[in-house]
Every structure is written in C-alpha cells, then in structure tokens.
Amino acid sequence: MKNNGTIRFSMAILLLCGCVFLSTSLGAAEKSKEGSSSVQKSDTATKTKATENVISSEELEKITTSAMEKSGNSLMQAGAKWLGWVDKIKKVNALVWGGLQASLATNEEEFLKAWETAIVDVFGDGVRKNKWLMEQIRKIGKEVWEWHVKSDKKLKEENKKDYERSQKFLQGLLNLGR
Amino acid sequence: MKTTKLLTTAALIMGCAGSMQMAFAGNAQNTAENPFEGNISVMRIFAKDTPVKTVKDWMSKGAGAKWEKMIQPTVRKDGSAPLLKNFFATAVVFTGARNEDSGIAAFYNVWQDSILLFQMDNSERFSAPENFIFLPGSVFRGEKFNAEKPAQSIFPANEAFDLAIIRTYQATKKVFDSKFSGKKAMPEFAGYLKNDSDGMFADVTVNAYLNAKLLAALKDPGNTAALKEADRFGDLLQSGNIGELEKVFSGKNVKSMLEKFTAFPAATRESIVITAFLKGKNQSIYAYSSALWPELAILISVPKENGKPTFLMLFLNDKFAQQIMNIKSK
C-alpha cells in the first residue's frame with residue numbers, strides 16, 4: 001500500500017512537471033511567434049543589414065595601405081617589427097589568398113583569374129600594362145594548375161622540373177616586390 | 001567542408017537538442033549571476049561600435065595609452081577601425097580567477113582566431129583593465145603563428161567548417177581555463193605579457209585581414225548573386241518566422257532546429273551579422289553570429305547544384321562543444 005501511494009505521488013508529480021513543461025514550452029513558442037511577427041513589422045525601420053560589416057576589397061586595400069604607411073613611420077622609431085607585418089600582408093595576399101582561391105577553383109579559368117589577382121595584388125595594377133610579364137604570369141599559372149589538378153605520381157614526376165622552375169620564377173617576383 | 005559532414009553533425013547536434021537549451025539557459029544564467037562577466041560583456045557591446053575610444057576610456061590610463069598606440073596603424077583617418085569592430089562584434093567573453101583586487105578575462109573571436117587577454121583591476125569602484133595583450137589564437141594556445149597556414153576556424157583546409165569552429169573554440173577555451181582558473185593565473189598572465197605587444201598585434205591584424213578578405217569576396221563585382229544570397233539569409237535569420245525559414249532551409253531535423261532558433265529573443269536575432277564566407281568546389285558556406293549573443297553561430301551551406309540550403313546551428317560554449325567533440329570521438 002505504501003509503495004502504491006509513493007508511486008501515485010510520483011506519478012502526480014511527474015504529471016504536474018509535464019504540464020508545467022508543456023505550458024512553458026507552448027508559452028515560449030507563442031512568445032516566439034509573437035516576437036517573430038512583431039520583428040517583421042518593425043524591422044524595416046530599425047534593422048541593419050547582416051552584411052553591413054563586410055569590408056569591400058577596395059576598402060580593405062585602403063586600410064592595409066594606410067597601415068603600411070603608418071608602419072613605415074613607426075619603423076623609424078621601433079625597428080623592424082612592422083616590416084614583418086608588411087611582409088606578412090604581402091604573403092597573405094600572394095600566397096595564402098592565391099593559394100586558397102587556387103585550392104577552391106573548380107576549373108582552369110577560375111584558377112588563372114585568382115592567380116592573376118594574387119600577383120597583381122602584390123605589384124599593383126601597373127603589372128597588367130606589362131604584356132610580357134602578364135604572359136609569363138599566366139604561363140606559370142597554367143603550369144601550377146596542371147600540377148595541382150594532375151595528382152598522379154607519374155605526371156608529377158614529369159612536371160617536376162617545370163614546377164620547380166615556376167616556383168623559382170615566382171619567388172623571384174616576390175623578392176622583387178619587397 | 002563537405003555537405004555530408006555538415007549534415008552528420010547537424011543530426012548529432014539535434015540528438016542533444018535538450019542540452020542545447022540547457023546550454024543556452026546556463027549561459028544566460030552565468031551572465032546574470034556573474035557581474036564581473038556581465039560588466040565585461042556590456043563593455044564589448046559598446047566596443048563593437050567604437051572600439052578605439054571605448055576600450056581606451058575603459059582601460060586604466062597606462063593601458064589605454066598602450067592600446068591607442070598599438071592599434072594606431074589599423075585606425076582609418078576618420079577614426080574608425082573596421083577590423084577591430086568586427087573583432088568585438090562577435091567575440092565571446094572568457095572569465096578566469098578573480099578576487100577583490102584583480103581578475104583575468106578575455107575576448108575571444110573564433111572567426112578571426114584572436115584573443116584580447118587582460119588583467120582587471122578590481123580595487124577601484126569601477127573595475128578596469130590594468131594591462132593586456134592581444135594575441136593570435138595560435139600563440140595563445142602555444143602553437144606557432146604562421147600567416148601562410150591560417151587557423152582552421154578562419155579557413156578550414158583540412159576539416160568541415162562546423163567542426164573547425166567548435167574544435168578551435170574548445171582548444172582555446174581549454175587553454176584559458178587551465179591557465180587562468182587557479183592560483184597561477186597572475187604568473188601565467190605575466191608570462192603572456194613577455195610577448196612583443198606590437199608584433200603580436202601585427203599577427204592579430206593578419207588574422208583579421210584574412211577573415212575580412214574572404215568576406216570581401218561578397219562585395220566583388222562578379223559576386224552580386226552571392227551578396228544577394230547573404231542578405232536574403234541575413235534577413236531571414238534576423239526576422240523571418242518559422243514558416244518562412246522552413247520554406248528556404250533543409251537539413252536533418254531542421255524543423256526542430258528552426259523552432260529553437262526562432263525562440264531566441266528578437267534582439268538576439270536582429271543583431272545577427274555575417275562572420276564568414278567560403279566558396280568551395282561543391283558548395284558555398286555563409287556563417288553568421290549574433291553581435292548581442294556571439295555564442296550563437298549559424299552556418300548555411302548552399303550546394304552548387306540545385307538543392308535547398310542547409311541550416312546548422314552551433315553554440316560556442318563549453319557544454320555544447322564538449323558534447324559535439326564527445327560524439328565525434330565515439
């Protein structure tokens with residue numbers, strides 16, 4: 001009998017908890033519905049776009065250029081540490097960004113576009129005026145694309161010399177940029 | 001980065017849906033019960049709009065002067081600092097050991113993988129940071145900073161983005177807790193202060209720059225469709241009702257996930273901002289977080305071929321991160 005009483009009592013508590021939970025959940029759901037619709041009504045007046053914080057490439061370029069100029073000043077006072085920063089930004093642009101885009105590219109055209117952008121990022125738009133240089137950049141880009149896309153060992157072996165030559169040339173370009 | 005991985009994780013997350021609510025409730029409770037954390041959180045809200053002035057004014061005189069000088073290269077002529085704004089907008093607060101005189105806390109932004117670590121002076125009427133160091137997450141975790149190999153949470157080269165976010169967050173939090181929860185908090189902080197402050201900030205800026213560069217692709221002339229999508233998703237997350245969200249998003253247990261998402265306070269949703277954009281071979285990922293509650297992360301994956309975008313909700317807090325990592329390791 002005592003056990004039955006305990007079970008009944010436990011059941012009642014459970015039932016009560018269930019009701020409280022259910023009403024809280026329903027209440028929350030109602031509030032959420034109300035919240036959503038009221039937000040919808042008022043959002044046109046107060047809402048800021050979720051992409052408003054995106055900095056355009058152009059603006060980003062201005063920020064980094066300005067940072068480099070300022071770092072030039074502090075370079076006079078504080079030694080060479082900011083030179084490292086400038087160097088890193090260049091590396092990020094040319095190697096990481098280029099590399100990331102390259103790894104994401106789905107076709108040769110996409111890859112070459114990212115590749116050219118990365119190189120021009122380092123040297124400025126003036127590079128585009130030099131036809132010979134642009135041809136070389138594209139040629140190397142094509143070779144690198146081949147290297148990335150053809151993954152079997154045999155092809156890599158065959159292309160190894162060309163790839164190494166491309167890398168040396170690219171390294172030379174980067175050194176010129178410093 | 002693979003859709004399958006994302007979907008699997010989404011399913012796993014929904015498996016511990018109850019814990020998500022607990023985690024959310026737990027977090028809100030922590031802030032309410034912990035004025036130390038509450039005050040720092042409020043400061044972040046101001047700093048996300050005016051990082052240069054707010055942080056300088058908040059800090060002690062000496063620390064403020066150090067801050068002003070250190071961040072100067074990234075401040076624009078008009079006094080704004082967009083990279084720093086983005087850092088504060090979606091940085092979570094970590095709090096460590098504290099007493100009447102002093103305490104350790106940090107702002108950590110997983111999307112930029114950078115941490116602003118500071119020591120609070122609690123002896124004054126209004127506690128304020130007395131000293132600080134801004135570090136790339138990698139250096140804080142005891143790894144080497146390498147600009148050419150960005151953190152997985154900035155660009156996930158080796159694993160799915162959702163896991164990269166959780167893993168990077170958890171690794172950083174683990175280091176913070178192990179170093180700053182006990183009596184050794186102050187000596188540990190002093191150890192980090194030995195780093196070259198300006199040099200470390202340069203690396204922090206490289207991380208912020210890389211995150212911003214990936215996002216900037218949205219505003220490139222050839223990407224108008226992606227920007228439109230980002231805005232459409234942003235609008236839906238900020239104010240869409242459950243019916244509207246269900247029409248657009250798919251995913252395993254998406255209904256249950258969306259129900260929980262739409263139950264968040266309106267202000268939390270209204271302050272949702274984009275935090276990352278990754279264009280992959282088979283899909284694009286748009287990531288969002290709430291500037292009011294940065295523990296909330298939403299990843300929307302859009303397949304290249306026809307198909308509905310996938311909705312995935314993550315929480316940057318200990319309980320949630322541990323559950324995900326435990327499930328993954330089983």
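Helices and strands are DSSP runs, numbered from the N terminus; a helix (H or I) has at least four residues and a strand (E) at least two. The model discussed here is predicted.

1. **Chain A.** The secondary structure of chain A comes to six helices and zero strands. Of the 178 residues in chain A, 21% are buried. Among the contacts in this chain that link residues at least 6 apart in sequence, 45% join residues at least 24 apart.

2. Four strands of chain B form an open sheet in the order 1-2-3-4, and their pairing is antiparallel. Which strands stand at the edges? They are strand 1 (92–98) and strand 4 (128–136) of chain B; each has a single partner strand, so one side of each is left without a neighbour in the sheet. Neighbouring strands of this sheet are turned by 20° against each other on average, direction ignored.

3. **Pairing and covering in this sheet.** Strand 3 (residues 114–121) of chain B is joined to strand 4 of chain B by eight bridges, in the antiparallel sense. One pair to look for is Gln119(B), whose bridge partner in strand 4 of chain B is Asn131(B). Helix 9 (residues 185–193) of chain B lies across strand 1, strand 2 (102–109), strand 3 and strand 4 of chain B. The direction of helix 9 is at about 55° to strand 4 of chain B.

4. Where is Asp113(B) found? It is in the loop between strand 2 and strand 3 of chain B. Most residues other than glycine have a negative phi. Asp113(B), although it is not a glycine, has a positive phi of about 45°. Is this residue buried or exposed? A residue counts as buried if 20 or more other C-beta atoms lie within 10 Å of its own. Asp113(B) is buried because 27 other C-beta atoms lie within 10 Å.

5. **Strand 7 and its two partners.** Strand 7 (residues 296–303) of chain B is mostly covered, with six of its eight residues buried. Strand 6 (residues 283–290) of chain B pairs with strand 7 of chain B in the antiparallel sense over seven bridges. These strands form a hairpin with five residues between them. Across this pairing, Ser284(B) stands opposite Val302(B), and Ser289(B) stands opposite Ala297(B). Six bridges join strand 7 of chain B to strand 8 (residues 310–315) of chain B, and these strands also run antiparallel. Here Leu296(B) stands opposite Phe315(B). The hairpin of strand 7 and strand 8 of chain B has six residues between the strands, and in it Gly307(B) takes a positive phi near 160°.

6. Lys173(B) is buried, because 20 other C-beta atoms lie within 10 Å. Which residues does Lys173(B) contact, leaving aside its neighbours within four places in sequence? They are Phe94(B) and Asp318(B). Lys173(B) and Asp318(B) are 145 residues apart in sequence, yet their C-alpha atoms are 7.9 Å apart in space.

7. **Helix 6.** How many of the eight residues of helix 6 (residues 82–89) of chain B are buried? Six are buried, so helix 6 is largely enclosed by the rest of the structure. The buried residues of helix 6 of chain B are Leu83(B), Leu84(B), Asn86(B), Phe87(B), Phe88(B) and Ala89(B).

Technical notes. Residues are numbered from 1 along each chain as its sequence is written. Chains are lettered from A and ligands numbered from 1 in the order in which they are written. This is a predicted model: local features need pLDDT of at least 70, side-chain atom pairs count only at pLDDT 80 or more; totals for chains, interfaces and linings use all residues. Two strands pair if DSSP finds at least two bridges between them. Axes are lines fitted to C-alpha atoms, for helices over the stretch in contact, and angles run from 0 to 180 degrees between N-to-C directions. Two residues are in contact if their C-beta atoms, placed from the backbone, lie within 7 Å. A residue is buried if 20 or more other C-beta atoms lie within 10 Å of its own, exposed if 12 or fewer, and partly exposed in between; C-beta atoms are placed from the backbone.
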